[in-house]
Amino acid sequence: MNPMIAIGAGIAVMTGFGAGIGIGIATGKAVEAVARQPEASGKINSVFLLGIALAEATAIYGFVIAMMALFS
Amino acid sequence: MAKTAEAALTVGERIKEALAFKTIFTVHIGSLSIPVSETVVTTWIVMFILIVGSILLTRNMRTVPKGSQVVVETLVGFLNDFFKNQIGHHWKIFAPYLGTIGLFLAVSNVISFFSPLAGFGFEPPFSMKPPTRDINVTAALALMTILLVIFSGIYFKGIKTWIKSFVKPAPFMLPFNILEYGIKPLSLCLRLFGNILGAFIIMELIGMLIPVFVPPIFSLYFDFFDGLIQAVVFVFLTTLYISEAVE
């Protein structure tokens with residue numbers, strides 16, 4: 001295998017940085033919100049799930065690109 | 001040095017082999033030959049589980065629920081309440097589709113946890129890998145969702161209002177609004193596919209490293225938790241897009 005492909009795949013997976021930071025911030029804020037208003041936890045939960053799904057998507061795109069680089 | 005390179009190559013080769021889709025059998029119609037892959041057979045098994053489960057659980061329905069009927073009624077009631085909250089008063093048309101997609105994804109994402117003889121070189125149906133790790137399955141689901149969103153938007157808003165909604169906040173938003181109909185299915189498809197494939201590859205790596213005792217524990221997180229969360233997210237996003245389209 002061309003080593004440049006492996007390096008490229010590694011760089012593509014670095015999208016995980018952004019997703020990790022984003023999910024961390026979202027989780028922290030969700031915990032704060034639930035602590036402040038425990039009765040709204042159902043609504044906060046669904047919004048939070050949606051938010052982390054969208055934040056995580058960037059990491060997944062990087063992963064898919066890395067897979068395409070490695071195995072195609 | 002040469003030895004490590006060789007070992008790395010074998011890991012890569014083994015991953016590649018695990019990722020490949022085997023052809024189970026080939027259907028011959030005249031001069032046409034259609035290969036039926038692993039994914040299709042696993043999807044049939046998922047369908048079989050769902051159909052048989054539905055028939056068995058809804059037999060002998062009573063007005064006063066008893067036994068398994070309580071569980072089924074709770075599940076359906078929970079799903080219906082969720083769709084009612086999200087979509088509004090048009091929820092009844094969409095609830096069957098959304099519930100079916102949710103059940104299909106939930107079963108097909110966790111099916112590798114239940115495959116009894118994984119890792120012994122068995123062919124499906126005895127060793128099952130999640131069908132959602134095939135991008136064709138997730139692409140088909142995303143396409144169905146976006147078609148439903150478009151047609152329900154036209155049906156409930158009327159064709160004129162629907163076309164006007166492309167220039168809704170301001171006319172310069174037109175290209176972005178058109179682009180949205182391409183990005184929505186693409187992100188739905190890739191999110192599900194990438195998550196399941198990632199979990200699958202990590203499970204394969206753990207299985208190569210420590211073949212006994214450890215994989216089931218990690219499988220609880222990667223197959224069960226992650227798979228169910230992804231099923232929830234797919235249904236949730238579909239519901240959101242539909243409610244955006246019909247309101």
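1. Let's start with N195(B): this residue is buried, with a relative accessible area of 6% (buried is under 20%, exposed over 50% and partly exposed in between, using a 1.4 Å probe and protein chains only). N195(B) sits in helix α7 of chain B; helices are DSSP runs of H or I with at least four residues, strands are E runs of at least two, and both are numbered from the N terminus.

2. Before going on, a word on the source: this is a predicted model, where local features need pLDDT of at least 70 and side-chain atom pairs count only at pLDDT 80 or more, while totals for chains, interfaces and linings use all residues. Residues are numbered from 1 along each chain as its sequence is written, chains are lettered from A and ligands numbered from 1 in the order in which they are written, and side-chain values use heavy atoms, without hydrogens and water.

3. What does N195(B) touch, not counting residues up to four places away in sequence? Its partners are E56(A), I60(A), D226(B) and Q230(B), with contact meaning heavy atoms within 4.5 Å. With Q230(B) there is a side chain to side chain polar contact at 3.2 Å (a pair of N or O atoms within 3.5 Å; within protein, one must be able to donate a hydrogen and the other to accept it, and residues adjacent in sequence count only if both atoms are side-chain atoms).

4. E56(A) and Q230(B) also turn up where α3(A) meets α8(B). These helices pack at an angle of about 100 degrees, axes 10 Å apart; axes are lines fitted to C-alpha atoms, for helices over the stretch in contact, and angles run from 0 to 180 degrees between N-to-C directions. So α3(A) and α8(B) are roughly perpendicular (65 to 115 degrees; under 35 is roughly parallel, over 145 roughly antiparallel, the rest oblique). By class, this contact has nine nonpolar, two polar and one charged residues, where Ala, Val, Leu, Ile, Met, Phe, Trp, Tyr, Cys and Pro count as nonpolar, Asp, Glu, Lys and Arg as charged, and the others, Gly among them, as polar.

5. Within chain B, α4(B) and α5(B) pack at about 170 degrees with axes 13 Å apart, which makes the pair roughly antiparallel. Residues in this contact include I101(B) and L105(B) from α4(B) and L141(B) from α5(B). The class count is 11 nonpolar, two polar and no charged residues.

6. I101(B), L105(B) and L141(B) are also among the residues touching the most other members of the largest nonpolar core, which has 37 residues. Such a core is a set of buried Ala, Val, Leu, Ile, Met, Phe, Trp, Tyr and Cys residues joined through side-chain atoms within 4.5 Å. Elements supplying at least two residues each include α3 (41–71) of chain A and α8 (214–246) of chain B. Apart from this core lies another, of 12 residues, among them I60(A) and F193(B).

7. On chain B overall: eight helices and two strands, running α-β-β-α-α-α-α-α-α-α from the N terminus. Buried residues make up 38% of its 247 residues. The C-alpha atoms fill a box of roughly 65 × 55 × 45 Å along the principal axes.

8. Buried or exposed: which is G30(B)? Exposed, at 75% relative accessible area, in the loop between β1 (23–29) and β2 (32–37) of chain B. From G30(B) to W91(B) is 61 residues in sequence and 45 Å in space, C-alpha to C-alpha.
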